[in-house]
Amino acid sequence: MDRLLRAMGAHVTHCKSGREALGIAASRSLSCVLAPVHMADMSATTLIDALQQTAPGLKVIVIVDNPAISEAVEVMQFGAHAVVDSRRLSTGLYAHLAPLLRGQ
Amino acid sequence: MKATAPVVYIVDDDEAVRGSLRMLMRSVGLQAQALGSAREFLDGYDRHQSGCLVLDVRMPGMSGMELQQQLNQRGATIPVIFISGHGDVPMAVEAMQHGAFDFLQKPFRDQELLDRVQRALARDAQSRASLAAGAQIRERIESLTPRELQVMQLVTQGKANKVVGATLGVSQRTVEIHRAHVMEKMHARSLAELVRMVLDAEDATQNP
């Protein structure tokens with residue numbers, strides 16, 4: 001994924017947890033956060049909720065392994081910018097992340 | 001604004017589905033109107049009528065997604081529940097990105113749809129009550145600083161923080177801070193709600 005993101009022109013910052021992501025988002029300007037739906041310390045929906053307080057407007061793309069439509073819809077209802085199937089990561093990221101990187 | 005009971009609009013090209021959904025809505029005391037095409041709905045659409053829209057994704061002529069775009073262009077706030085027998089995740093994500101209230105895959109249980117319809121009607125009522133408070137919205141707008149007003153105008157046009165920053169010649173972080181102040185002062189819980197407030201304020205200005 002890292003190579004793909006760099007190929008899209010993104011500057012990539014890695015973090016190991018939702019808490020770490022919140023800290024980074026509070027201190028720097030980001031175009032987008034990519035997060036798996038489940039993390040050790042919080043779910044993606046909890047992360048989205050927290051980011052809406054600390055960095056309102058920051059987009060979050062949630063990566064889910066083979067999501068059901070109902071699961072994708074639920075995550076979107078929590079405020080995700082997009083839900084991307086991990087099995088079709090490049091297609092999903094080009095569709096949803098590339099426009100954000102272009103500032104659209 | 002009309003004070004009539006909310007209407008559940010059902011738009012599906014399948015007559016059997018239309019009939020069965022209309023009967024389902026009426027069985028729980030809801031007013032329902034079933035239409036066979038997106039165009040038919042659009043031609044008769046009255047934004048002042050409260051309700052929600054149960055909309056099939058795939059239809060001949062104008063699709064459900066195209067109808068959603070048309071409604072968005074008109075500033076319509078009616079909650080849309082998509083139903084689809086051929087939907088996939090990218091389609092559902094796209095519909096939600098464009099403001100759909102929900103997306104339900106066929107076949108579904110009657111109660112699943114009824115629960116969503118009730119939630120959509122509650123959302124619509126809440127949204128309309130909020131929009132009716134036009135004077136309050138104008139007061140809130142007047143409380144914004146000139147810079148916050150600029151930020152609000154740009155973000156409600158769909159501009160990303162980065163673009164807003166470049167347009168105004170300030171950093172993205174500064175935009176985020178102004179944006180947070182705008183959301184707080186406007187009492188907006190989401191960008192969609194903020195957009196509705198701005199549209200309502202514009203509507204009130206044009207049609208006092």
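**A tour of chain B**

Select Val11(B) and then Leu55(B), its bridge partner in strand S3(B). This is a predicted model, in which local features need pLDDT of at least 70, side-chain atom pairs count only at pLDDT 80 or more, and totals for chains, interfaces and linings use all residues. Residues are numbered from 1 along each chain as its sequence is written, chains are lettered from A and ligands numbered from 1 in the order in which they are written, and side-chain values use heavy atoms, without hydrogens and water.

Next, select strand S1 (residues 7–11) of chain B, which runs parallel to S3(B) and is joined to it by five bridges. Strands (E, at least two residues) and helices (H or I, at least four) are DSSP runs, numbered from the N terminus.

Now turn to helix H3 (residues 64–73) of chain B, where Gly64(B), Met65(B), Leu67(B), Gln68(B) and Leu71(B) are buried (under 20% relative accessible area, 1.4 Å probe, protein chains only). They lie on the same side of H3(B), because they cover an arc of only 155° around the axis, taken from the directions from the helix axis to the C-beta atoms. These buried residues pack against H2 (38–44), S3 (51–56), S4 (80–84) and H4 (89–97) of chain B, contact being heavy atoms within 4.5 Å.

Note on methods. Buried means under 20% relative accessible area, exposed over 50%, partly exposed in between (1.4 Å probe, protein chains only). Two strands pair if DSSP finds at least two bridges between them.
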